Amino acid sequence: MPMAAAAAVRAPPALKTYISSRDANLRYKNLTLPFAKHPHSVLFYSPRNNPRHLSRVRATLTSSSPSPSASPTTFHGHCYVVGDNIDTDQIIPAEHLTLVPSKPDEYIKLGSHAFCGLPVSAYPIPFIEPGKESTSYPIVIAGANFGCGSSREHAPVALGAAGVRVVIAEYYARIFFRNSVATGEVYPLEVEESGLFKECTIGDIVTVDLDKSVLINHTTGKEYKLKPIGDAGPVIEAGGIFAYARKAGMIASAS
C-alpha cells in the first residue's frame with residue numbers, strides 16, 4: 001500500500017465521521033479509516049489507545065526489554081531479519097487469538113508469542129528467548145508482502161506488545177499497514193530499493209531515523225533510504241487513531 005494513501009488522516013471533518021466518543025472505550029471498534037483503500041474496514045482496539053492500561057504495559061516492557069531510543073523519531077537496537085511473504089499466521093498463530101489485548105496481562109502474553117509461527121528450520125534464532133516475554137529486537141527487517149494472509153488485527157499488536165517499534169519491508173499487505181497505523185503499535189516503513197533483508201543479519205545493530213527517512217546498519221556500515229512515513233507518522237506517535245483523535249480534540253479524553 002503506498003504510504004501516500006495515509007494523507008487523509010489529518011482531516012478533522014473526515015475523521016470525526018468515523019469516531020464516536022460513546023464507543024471510545026469498547027474493546028473492538030468498527031470504523032472506516034480515512035486512509036484505508038476500502039470503506040468497510042474493521043479497526044482493532046489496542047491498549048496503546050487506552051491511557052488506563054498504557055502506563056502499566058509500558059513499564060513491564062521497559063523492565064524486560066531494551067529501550068529503542070530516547071527520541072520518538074529515532075530508533076536504535078538489534079534487528080531481526082525475515083524474508084518475503086511473512087504472513088499473519090507466522091506473526092501470531094491462530095491459537096493465540098483468544099487473548100484479549102485490551103487486558104494488560106493478556107497483551108503482554110500476546111507479545112510473548114510474536115513470530116512463534118516462523119519455521120525453526122528457516123529461523124533457528126528465536127525472536128523471543130525462551131522464558132522471556134519480550135524481544136531483544138526492537139526493529140524488524142523484512143522482504144516483500146509482509147503481513148499477508150488473514151486479516152487478523154492481532155498481528156501488529158503482537159509485535160508491539162513484544163517490544164517492536166519499527167518494521168521495515170519492501171512493501172506490506174494493505175491490511176497489515178492499515179492496522180499498524182490504526183493501533184499505533186509499530187511504524188510500518190518501506191525501503192526505497194529491494195534486497196535490504198538480504199544484506200542484513202539477525203543481530204545487526206541498526207538505527208532508524210524517521211525524520212531523515214534513513215536506516216543505518218552500524219554492523220555493516222551501510223546506509224539505506226526509506227520512504228517517508230508521511231501523515232501516518234503522527235497517528236502512530238500518538239498511540240493510534242483514538243489517541244490521535246483525543247489529542248486533536250476530535251473526541252473527549254478518557255477519564
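How are α5 and α6 oriented to each other, roughly parallel or oblique? The views below start with the whole chain and then come to that pair. The model is predicted, so local features need pLDDT of at least 70 and side-chain atom pairs pLDDT 80 or more, while totals for chains, interfaces and linings use all residues. Residues are numbered from 1 along each chain as its sequence is written, and side-chain values use heavy atoms, without hydrogens and water.

**View 1. The chain as a whole.** Here you can find 9 helices and 9 strands; helices (H or I, at least four residues) and strands (E, at least two) are DSSP runs, numbered from the N terminus. Of the 255 residues, 55% are buried, that is, under 20% relative accessible area with a 1.4 Å probe, protein chains only.

**View 2. The largest nonpolar core.** This core holds 62 residues, and Val82, Phe115, Phe127, Phe146, Leu159 and Ile168 have the most contacts inside it. A nonpolar core is a set of buried Ala, Val, Leu, Ile, Met, Phe, Trp, Tyr and Cys residues joined through side-chain atoms within 4.5 Å. Helix α5 (residues 154-162) gives the largest share, 6 residues. Beyond its neighbours within four places in sequence, Val82 is in contact (heavy atoms within 4.5 Å) with residues including Phe115, Leu118, Tyr123 and Phe197.

**View 3. Helix α5 and its end.** Take a look at how covered α5 is: 9 of its 9 residues are buried. Among them are His154, Pro156 and Gly160. Just after α5, Gly163 takes a positive phi of about 110°.

**View 4. α5 beside α6.** The axes of α5 and helix α6 (residues 174-183) come within 8 Å and cross at roughly 55°. Axes are lines fitted to C-alpha atoms, for helices over the stretch in contact, with angles from 0 to 180 degrees between N-to-C directions. The two helices are therefore oblique to each other; angles under 35 degrees count as roughly parallel, over 145 as roughly antiparallel, 65 to 115 as roughly perpendicular and the rest as oblique. At this contact, Ala155, Pro156, Val157 and Leu159 in α5 meet Phe176, Asn179, Ser180 and Thr183 in α6.

**View 5. α5 beside α4.** Helix α4 (residues 104-112) packs against α5 at about 95°, with the axes 7 Å apart. That angle makes α4 roughly perpendicular to α5. From α4, Tyr107, Leu110 and Gly111 meet α5 residues including His154, Val157 and Ala161.

Notes: Buried < 20%, exposed > 50% of the residue type's maximum accessible area, 1.4 Å probe, protein only.
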